[in-house]
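Please keep the sequence and the 3D view at hand while reading.

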Amino acid sequence: MEIRGKSAVITGGGSGIGRAVSERLARDGASIVVADVDEAGGAETVKRIESAGGSAVFVRADVTREQDARRMLDTALQKFGRLDILHNNAGIGTGAPGFPIVDPARWHLVIEIDLQAVILGTGLAAPIMEKQGGGVIINTASMAGLYPHRQDAVYGAAKAGVVNFTHSLAFWAVEKKIRVNCVCPGIVDTPLVRRGLEQAAQHGIKSWMPSRIIQPEEIADAVHTLVRDDSLFGCALEVRPTGRQIVDPRPAPGSRK
Ligand SMILES: NC(=O)c1ccc[n+]([C@@H]2O[C@H](COP(=O)([O-])OP(=O)(O)OC[C@H]3O[C@@H](n4cnc5c(N)ncnc54)[C@H](O)[C@@H]3O)[C@@H](O)[C@H]2O)c1
């Protein structure tokens with residue numbers, strides 16, 4: 001999809017990966033709805049985009065609430081006249097002391113934000129995009145959704161759900177002309193990771209870190225590829241410190257899988 005002139009909603013756009021994606025797509029000429037519960041962070045993203053000559057608006061939206069999710073999508077239609085791209089990106093980790101000691105309310109919230117809200121956002125955007133003749137949905141999963149996550153099993157389960165949801169929508173998406181893909185980052189230098197490290201240290205838990213931490217702009221680059229490349233649907237794009245790799249589970253033509 002050509003990005004110039006399009007309209008994108010980015011959840012969790014007030015920080016880290018969501019901010020980098022918002023700035024990247026805005027630089028390429030898309031108008032951005034920055035959706036987040038963090039008003040200060042969202043306003044800062046909008047300010048950065050506008051001072052670089054781009055177009056953006058902030059909507060305070062909790063992605064777990066249907067009325068908020070509807071509002072962020074409606075804002076794209078009202079302000080920019082269309083909805084071409086939805087990036088379901090907002091997410092949290094369980095945090096220390098982790099499962100199963102953690103308060104169940106926390107792990108319920110992880111599943112709600114990291115998985116259920118992705119399904120909710122996709123379901124609400126689909127009829128709008130279909131009516132418009134197509135669109136692109138990108139979900140932020142994680143390498144924790146592709147491989148076991150030793151320190152956060154609940155987060156891993158939620159992200160594995162996002163990966164499979166994305167893979168499973170491949171054929172539906174083609175029918176509706178809505179390409180759904182997900183990005184699976186390794187460890188990225190964002191407040192989420194910094195908070196996680198601090199919390200783990202407070203609980204005396206040792207954290208493993210790779211020798212090179214990925215920068216949010218590298219994930220924005222990967223998302224840019226998923227938006228631009230019309231041949232990709234139902235795929236996971238894994239982003240490691242050493243490079244990128246597409247996981248494409250589509251069965252061979254003629255297979256009954
Ligand atoms: N940082 C990493 O290493 C890493 C790796 C793999 C995947 N991810 C995923 O990338 C996504 C972005 O994470 P990040 O690292 O940029 O974190 P971050 O904490 O910097 O940004 C996340 C944003 O989501 C917002 N948010 C949280 N709950 C929300 C809700 N209910 N409604 C709306 N907004 C909400 C936060 O306010 C914040 O602005 C998450 O889905 C995360 O799981 C991160």
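Lys 177 is located in the loop that joins α6 (170-176) to β6 (178-185); helices (H or I, at least four residues) and strands (E, at least two) are DSSP runs, numbered from the N terminus. The model is a predicted one, in which local features need pLDDT of at least 70 and side-chain atom pairs count only at pLDDT 80 or more, while totals for chains, interfaces and linings use all residues. Residues are numbered from 1 along each chain as its sequence is written, and side-chain values use heavy atoms, with hydrogens and water left out.

Although Lys 177 is not a glycine, its phi is positive, at about 60 degrees. Most residues other than glycine have a negative phi, and most peptide bonds are trans. Two cis peptide bonds may be considered next. One runs from Ala 96 to Pro 97, with omega near 10 degrees, and another from Phe 99 to Pro 100, with omega near 5 degrees. Pro 97 lies in the loop between β4 (85-88) and α4 (104-132), and Pro 100 is likewise placed in the loop between β4 and α4.

Helix packing can be followed from α1. Helix α1 (residues 16-27) and helix α2 (residues 39-51) pack at an angle of about 25 degrees, their axes being 10 Å apart; axes are lines fitted to C-alpha atoms, for helices over the stretch in contact, and angles run from 0 to 180 degrees between N-to-C directions. The angle makes α1 roughly parallel to α2 (angles under 35 degrees count as roughly parallel, over 145 as roughly antiparallel, 65 to 115 as roughly perpendicular and the rest as oblique). Contact (heavy atoms within 4.5 Å) is made by Arg 19, Ser 22, Glu 23 and Ala 26 of α1 with Gly 41, Glu 44, Thr 45, Arg 48 and Ile 49 of α2.

The axes of α1 and helix α8 (residues 216-228) come within 8 Å and cross at roughly 55 degrees, which makes α1 oblique to α8. Among the residues in this contact are Ile 17, Val 21 and Leu 25 of α1 and Ile 219 and Val 223 of α8.
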